[in-house]
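The structure comes first, then the notes by topic.

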Amino acid sequence: MKILKFGGTSVANAQHIKQVQNIVKDLGRNNKLVVVVSALGGVTDLLLKTVDLASKQDEGYRDCLREIEARHIKTIKELIPIQLQSAILSKVKSELNTLDTFAEGAFLIAEKTPQLTDKIVSFGELLSSFIISEFFISEGMNTAFKDSREIIKTDDVYGMAGVDFERTNGLCQTYFSNAKNNITVIPGFISSSVKGNPTTLGRGGSDYSAAIVAGAIDAEELQIWTDVSGMYTANPRIVKQAKAIPQISYEEAMELSHFGAKVLYPPTIQPVLSKNIAIHIKNTFAPEEPGTLIGKNQNIISKSVRGISNVANITLLSLEGPGMIGIPGISKRFFEVLSQAGISVVLITQASSEHSICVGISDNDAATAESLVNTAFEYEIATNKIKPVIVESELAIIALVGDNMKSHQGLSGKMFSALGKNNVNIRAIAQGASERNISAVIKKDDVKKALNTLHEEFFEENIKQLNLYVMGVGNVGSRFIKQIQNQKKYLKKNLKLNPRVIGLSNSRTMVFNEDGIPLERWEELLGKGEKADKARFYEYVLKYNYRNSIFVDNTASESVAETYSDYLKRSVSVVTCNKIACSSDYEKYITLKDLSREYNSPFLFETNVGAGLPIIDTLKHLIASGDKINKIQAVLSGSLNFVFNNFNDITTFHDVVKRAQEEGYTEPDPKIDLSGIDVMRKILILARESGYKLDIEEIENKSFLPEESLATNNNEDFYASLITHEKSFQEIYAKAASAASKLKYVAEFVDGKASVGLEHIPKGHDFYNLEGSDNIVLFYTERYPNQPLIIKGAGAGADVTASGIFADIVRIGNF
């Protein structure tokens, strides 16, 4: 005989019940079946609301009763042929009248007792099971209805009654051994005391009812039919990559269900465990899917971690103080107080010093527990032996579960390292001696990030998801997005990285998508986005709270650069081509570097110098390996190199600069490049990355621009000044040409001092043949004293800058 249990979503309405009938009919061809059903979806909540309102003498309880009646009448009329409806409707209305009487009693006495509540909520399963059994009969199925209150006997603890297994087993065996019908439908959740009073088995008790019957009659299999295809590696509503677990052991299933896996009511496993009866979790709405088989020694693939689960709405109670050390009985008194109040303890952890003990309980019990514990230890608190109980709410528990975890070293380290990298702070840790689970208490706002982080770490073939928040989508930003779009498949296949853009902003609008913005439509979506706001952008990043989050700054904005510290403090990595932060006050630069280390959040700015050239990365490796920088000589402005490579006696300086801006070689304000400020920032960054303390005011700037040009406040005036001073620019060119030299804007750092300026470069010099917008850097170090380490290549342009940003993101992905 097989036991089939169908939950509330499986029997929520007539359409779903017809699906249940198809499943039962198919399985009933070759098996005798016991079908255990829950109340119609949502009805139990309505019944609880009814008794609550009635006990408060709120007339609204009658509206609940009318809704309950309407739900059941509608279901009957949609399921049962009209000629058979009369007797069924009469029976259901009779039961509803009885329910009305009980509810009116609660209204009149303005009170709800646990016993009365049990009587009222039992009507949900009684009505649904009767209607479903009559529907099966009307469809020609050999079916009988049996009231489970007659075969499941309990004590008199209302709300969560304890089962009298000796009586229950005998009654079940007697009834089912003599049952003639092929299918028996019984209500789940409800039972009765030995005295005959209605009792219930607790929320989720329909699973338990099915398991009790299965254990009593030595059923072949217990099937739990629900709305998901088995037990998952994590909650699929939170972790979209979660997968159904094909097979799992009883113990693993109990751990997962205890720690929040809602598919299975935790006590369900106990009655079938000793009988070694398999439990099969199946999906009512996808019956062809294999589901999850729960049994003895089912971890046949020997995976260390089988699932990740969580319990929400947890409060930590911490009892601590010097008076606890070496004093026996403190823990006993602490737990007795909670036990006598009916407060369930979900997690326990205690310091080996005996100075403190900490427990996790439901948020709903926090206020009561705090008051009771402080009262119980009133004397110790008054004499300063123990502190008043410390209460921390708004928490949650996450747990790794697996039978084979004890056989694998380093799982705890792997778990906590992954969480730490993503700024998930752990408040308490617990691990049983069986090593079947490792539990941690975290902030409830971090649950989604924590579950996804751990699932990625333990289940996802090492494919790392990178969540990008991109500010600035101009020349560089738009090309960066295009590169991500083009390389997405390559990154996933070859580097095991899965970047997705969660947020985008320009100076006017911003747009977010928690599942990733479709990059083929980013311009359209951004155009329809909300008004851009840097503070709101940051709030969105915190709200989503994703693992492996990266803020990408493609702007030249000082106000955006000032936000980097906020991101780093929240373990959000920062990638930027904006030079302002790293060339600002030395103390600000050092603060950002320190925050990056403290919060384990990379701060990368390779494109600050040389666009996509690996200049800073190479410099970092030199320093890390113990080398020392003695001198740096460089042409660091692709913009200025482009300008002076194209400027001659048959062109105008104005036209060449204009062309450089149009082709994306200069900053939006070309004066930043031509004034030397941009080069000063770059050599400053290289000096700082070499380990020297330097500020921009200490750099000598030998500017070639006239004072009038430097004093302009907008591009129009700046370009006008270039026309005015064309003669002086031609004189500069002629002087270099007469010396058979080329003009290059050179940065130099030597003996702790830096300078920038236009220089005549003779033939044979490393800088002489530097073409187009190329950059070149010569590193003279202790290991390269005479022949410098040379890095040369394209140092400006949107595409190469975008590729440098892309490279920094890949570095973080491999971090």
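In this predicted model, phenylalanine 130 is buried, at a relative accessible area of 14%.

**Aromatic pairs**
- The count comes to 30 aromatic pairs.
- One of them joins phenylalanine 130 and phenylalanine 145 edge-to-face, at 6.3 Å centre to centre and with 90° between the planes.
- This pair links distant parts of the chain, with phenylalanine 130 in helix H5 (residues 114-138) and phenylalanine 145 in strand E3 (residues 143-145), 15 residues apart.
- Tyrosine 544 and tyrosine 546 are stacked, because their ring centres are 5.7 Å apart and their planes are at 5°.
- Tyrosine 544 is buried, with a relative accessible area of 13%, and tyrosine 546 also counts as buried, at 7%.
- Ring pairs link both tyrosines into a cluster that includes Phe512, Phe537, Tyr538, Tyr540 and Phe551.

**Charges over rings**
- Arginine 62 lies over the face of phenylalanine 107, 5.9 Å from the ring centre.
- Lysine 742 has its charged end over the ring of tyrosine 768, at 4.6 Å from the centre.

**Second largest pocket**
- The volume of the second largest pocket is about 970 Å³.
- Its lining has 44 residues, and the closest to the pocket centre are Asn554, Thr555, Ala556, Glu667 and Pro668.
- Elements that give two or more residues to this lining include helix H15 (475-495), helix H22 (638-646) and helix H29 (798-813).
- H25 provides the largest share, 3 residues.
- By class, the lining has 14 nonpolar, 21 polar and 9 charged residues.

Key: Residues numbered from 1 in each chain as written. Predicted model: local features only at pLDDT ≥ 70, side-chain atom pairs only at ≥ 80, totals over all residues. Heavy atoms only, no water. 1 Å grid on protein atoms, 1.4 Å probe; cavity = no way out; pocket = protein on both sides within 12 Å on 5 of 7 lines; lining within 4 Å. Points joined across faces, edges and corners; volume = space filled by probe spheres on them. Helix = DSSP H or I, 4+ residues; strand = E, 2+ residues; numbered from the N terminus. Nonpolar A, V, L, I, M, F, W, Y, C, P; charged D, E, K, R; others polar. Phe/Tyr/Trp six-rings, centres within 6.5 Å; stacked < 30°, edge-to-face > 60°. Buried < 20%, exposed > 50% of the residue type's maximum accessible area, 1.4 Å probe, protein only. Lys NZ or Arg CZ within 6 Å of the ring centre and 35° of its normal.
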